[in-house]
Amino acid sequence: MSSSSHHEYMCPQCNHINALPDRALRNMYKEQLTTCEKCGCKLEVTPADGINNQINIVVAIAGQEYTVP
Ligand SMILES: [Zn+2]
């Protein structure tokens with residue numbers, strides 16, 4: 001897997017596209033606290049295996065569940 005692979009997730013609060021830090025992908029299936037760079041909303045992102053070797057990123061705001069397809 002390339003170290004330059006780039007993954008993104010959408011902020012459920014403002015729909016801004018944030019880049020997922022590479023370090024987050026080393027902790028698959030673990031919730032990781034991050035902050036939307038646009039609205040500053042505290043987010044929990046959980047990287048999971050998706051179809052076709054893609055990463056499916058689940059994003060949650062403070063207790064709410066939200067899935068980015
Ligand atoms: Zn945001």
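## Cys39 and its contacts

Leaving aside residues up to four places away in sequence, Cys39 touches Cys11, Gln13, Cys14 and His16; touching, or being in contact, means that the C-beta atoms of two residues, placed from the backbone, lie within 7 Å. The C-alpha atoms of Cys39 and His16 are separated by 8.2 Å, and these two residues are 23 residues apart along the chain.

This is a predicted model, where local features need pLDDT of at least 70 and side-chain atom pairs count only at pLDDT 80 or more, while totals for chains, interfaces and linings use all residues. Residues are numbered from 1 along each chain as its sequence is written.

## Where Cys39 sits

You will find Cys39 in the loop between β3 (32-35) and β4 (42-49). Strands are DSSP runs of E with at least two residues, and helices are runs of H or I with at least four, numbered from the N terminus.

Is Cys39 buried or exposed? Cys39 is exposed because 12 other C-beta atoms lie within 10 Å.

## Cys11 and the core

Cys11 touches Cys39 too, and its other contacts beyond four places in sequence include His16, Cys36 and Leu43. Cys11 also belongs to the largest nonpolar core, together with Tyr9, Cys36, Leu43, Val45, Ile57 and Val59. Such a core is a set of buried Ala, Val, Leu, Ile, Met, Phe, Trp, Tyr and Cys residues joined through C-beta atoms within 7 Å. Two or more residues of this core come from each of β4 and β5 (55-61).

## The whole chain

The protein chain has zero helices and six strands. Buried residues make up 12% of its 69 residues.

Methods. A residue is buried if 20 or more other C-beta atoms lie within 10 Å of its own, exposed if 12 or fewer, and partly exposed in between; C-beta atoms are placed from the backbone.
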